[in-house]
Amino acid sequence: QSENSDKSSAESDSETEVEQISVYHKLLATLKTSPESESETEEEEDESESEEAGVSETELDSDGSQETGEADGGEEDENDAPDQEEAGDTSEQTLGQKQADDTDTACDPSHGAIEEFTDVKHESEFSLETNFMEEESGGCNADQRDSNPFKLHMDKELEEKEVEKISTLLKTSSQSKWPRLGQLTFSSTLEHKTLKADKEVDMKQLHLHKPLESTWPKVNKQFLSSMNKPSDASFTPLQRELFCIMSTYRDLFYPESNALTNGEEIRHAYCLHALNHVLKANAQVLSNNAKRRDQKPGAANDDYRDQGLTRPKVLMVVPFRESALRIVHIFISLLEVNDRKKIDVSNKKRFKGEFGFDPEEKPPNLKRPEDYEAVFAGNIDDHFRIGVAILQKSMRLYAPFYSSDIIIASPLGLRTIIGAEGEKKRDFDFLSSIEILIIDQADIFLMQNWEHVLHLMKHINLLPLDSHGVDFSRVRMLNLNNWSKFYRQTLLFSALQDPQINSIFNKHCFNYVGQVAVRNVPLSGSISHVVVQLPHVFRRLEAENSTSVIDTRFQFFINQVLPEYRDAIMSHTLIFVPSYFDFVRLRNYFKKEDLNFTHICEYTKKAAVCRARHFFLKGEKQFLLFTERFHFYKRYTIKGIRNLIFYELPTYSHFYSEICNMMKATDNGVDATWTCTVLYSKYDAQKLSAVVGIDRTAQMLQSKKTVHLFVTGEN
């Protein structure tokens, strides 16, 4: 940080009230020596990036998921699943090294091209400590400040008893039905209030910071229809209800975000909320800077607690570079009042080069489902992180994390800088004062590496290990008390409900205001989209608890299901396996039993995939083990299926109908001989309802008998 902040930090020690000194000392005792300068901190971060960028995924990385049909990684180990944290893909190591090299180049003044880490001019321009509020860029009107949701949320003073109560996660909940979002569950550990949906939105009541009041209607115009009421002309019905919840600073879980339909509509809504929060927070700091400057020497200045222990306020976790590109474009559009008032965006050309995509790189004759094209549009590299600083009429891309307001990153990009226990080069102090956490397209992280998301949640809102030049007289008491997580708002968007995603929302969100989760139940299920006439046999297995279900399923399969398929007459059997570790276990068992099988997973080389598909089609291999993640990244049509076994229900419910409908690609065979068997337990209720609908699910969970369904293609 600048020398000014170090100086003001020293001054603050003498001006702080007596009862707060112990809090400072308690915090300072946890801190190491502060780095001498910000540039040194950034150089250490870059060295860390160079060393750690080689850490790679176990899943097929984004390069491997390009539509070329090639999986870059070698075929999986014969006996063991690769470790989730160890190297598994050469292409990703190369990519990581390239990024590390790029960053080193950016930091090296000798290159002269990009000097954002050492450019003193930019540092002073974007420093919160040394700038002041411009009158024309002021925030809310004076009469609105008392009801400003940002102020109300951040100024709330919690008591020790309340914090202890929130930490127990014992919540009271209530249900409410909204016109567009549907069934909502409101939960809270403190005072419980149910929110009512706003039928109309008055822009003046949204407490938007300038210039957002004028730019939002223009930016959002693409999603609006002529049906919108004049008084509600700037929000779609979905955006209106989402923003109504976001603006109260409640946590939100919306599991119906779809890249093909409403994904961009939702992205615009949360970008508006995030940018509004940052502009208000920075405006408060700049306004207080002017008040401190004008006050008399020696006056108490403990009234200006307006910052966290580190500057980053918003963390946006997205799966691909394309997502980050779209977010930044939305930010720029929201900050530009008109064509004459363009904002100054530094490093824009570099950003476009690293996050953009050349359409000519895509194979011209490739045909994939619409939802696939929507998810894998643009640059689908999944290893990135970028800091964004916003100050009045300027935006700085590639800002050092400790000089950033917003950080946009992928789980892998964060994982390689957070590091692991025992590593020398690791840093997660920049996560200490995050006030809004946005996790978008969370379902894709299940197909990447969910462990990275869990790792992030364990390291967010912890006390920093270094002081990073902070002025403690300006730090909010909630941050000094290590209560940041009780004020953090988490916005979680996904295309589906999943126990692992639910766990993040239920176990890692401590917001004192409470949580709101959309809990609509599917009425029909994806089985209604199966177009081939096919008997579906759902076989229930009984497990004592959720942890034992993995072993119970394996034993149930090899003892009761597989013997029925060993006969040669049951050839052309595809076994769909969602979990890679279940896949490895089955593959090893099939080898031990010397069964006639082949297999395809996300690590299988292109040539091996071709051979496996050929052997299966011709009947030379009786069984084909097939992983869900391979289907997610490739969407190949597997021909020759006559018997289908879902070892577990798919994560994506529409994969059920897609796999079943592959049977129509079979040139020979009699329809009546086709079979489909599904294994499920009571712990699969969410996945089951997404496939067969809520009514059938209730019946199937009550009955312990095998359920036979016959789909005619019209159900």
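This note walks through the predicted model point by point, from confidence to helix packing to single residues.

1. **Ground rules.** Residues are numbered from 1 along each chain as its sequence is written, and side-chain values use heavy atoms, with hydrogens and water left out. Because this is a predicted model, local features need pLDDT of at least 70 and side-chain atom pairs count only at pLDDT 80 or more, while totals for chains, interfaces and linings use all residues.

2. **Confidence.** pLDDT is the predictor's confidence in each residue, from 0 to 100. The protein averages 80. A score of at least 70 is reached by 75% of the residues. Residues 1–24 are below 50, and beyond near neighbours in sequence this stretch has 36 contacts in the model (heavy atoms within 4.5 Å). Residues 32–120 also stay under 50. For them the model has 192 contacts beyond four places in sequence.

3. **Overall make-up.** The protein has 25 helices and 18 strands. Both are DSSP runs, numbered from the N terminus: helices are H or I with at least four residues, strands are E with at least two. Of the 715 residues, 57% are buried. Buried means under 20% relative accessible area, exposed over 50%, and partly exposed in between (1.4 Å probe, protein chains only). Among contacts with a separation of 6 or more, 79% join residues 24 or more positions apart.

4. **Helix 9 on helix 10.** Helix 9 spans residues 237–246 and helix 10 spans residues 263–294. Their axes lie 10 Å apart, at an angle of about 30°. Axes are lines fitted to C-alpha atoms, for helices over the stretch in contact, and angles run from 0 to 180 degrees between N-to-C directions. Helix 9 and helix 10 are therefore roughly parallel. Angles under 35 degrees count as roughly parallel, over 145 as roughly antiparallel, 65 to 115 as roughly perpendicular, and the rest as oblique. The crossing is right-handed. A crossing is right-handed if the near helix is turned clockwise from the far one by less than a right angle, and left-handed if anticlockwise. By class, the contact has eight nonpolar, three polar and one charged residues. Ala, Val, Leu, Ile, Met, Phe, Trp, Tyr, Cys and Pro count as nonpolar, Asp, Glu, Lys and Arg as charged, and the others, Gly among them, as polar.

5. **Helix 10 on helix 11.** Helix 11 covers residues 321–335. The axes of helix 10 and helix 11 come within 10 Å and cross at roughly 55°. That makes helix 10 oblique to helix 11. This crossing, too, is right-handed. Helix 10 contributes residues including Cys-271, Leu-275 and Leu-279. Helix 11 contributes residues including Ile-327, Ile-330 and Phe-331. The contact has ten nonpolar, two polar and three charged residues.

6. **Helix 8 on helix 10.** Which way does helix 8 run relative to helix 10, roughly parallel or roughly antiparallel? Helix 8 (residues 212–219) packs on helix 10 at about 165°, with the axes 12 Å apart. The two are therefore roughly antiparallel. The crossing of helix 8 and helix 10 is right-handed. Leu-212, Trp-216 and Val-219 of helix 8 touch residues of helix 10, among them His-268, Leu-272 and Asn-276. The tally is seven nonpolar, two polar and no charged residues.

7. **Helix 14.** Helix 14 runs over residues 411–418. Eight of its eight residues are buried, so helix 14 is largely enclosed by the rest of the structure. Arg-415 and Thr-416 are among the buried residues. Just after helix 14, Gly-419 has a positive phi of about 70°.

8. **Two backbone points to check.** Most residues other than glycine have a negative phi. Tyr-249 has a positive one, about 65°. Tyr-249 sits in the loop between helix 9 and strand 3 (251–254), and is buried at 4% relative accessible area. Arg-635 has a positive phi near 60°. Its loop joins helix 22 (628–634) and strand 16 (643–646). Arg-635 is buried, at 8%.

9. **Ser-127.** Ser-127 lies in the loop between helix 5 (120–125) and helix 6 (149–155). Ser-127 is buried, with a relative accessible area of 9%. Ser-404 is 277 residues away along the chain, yet the two C-alpha atoms are separated by 9.6 Å.
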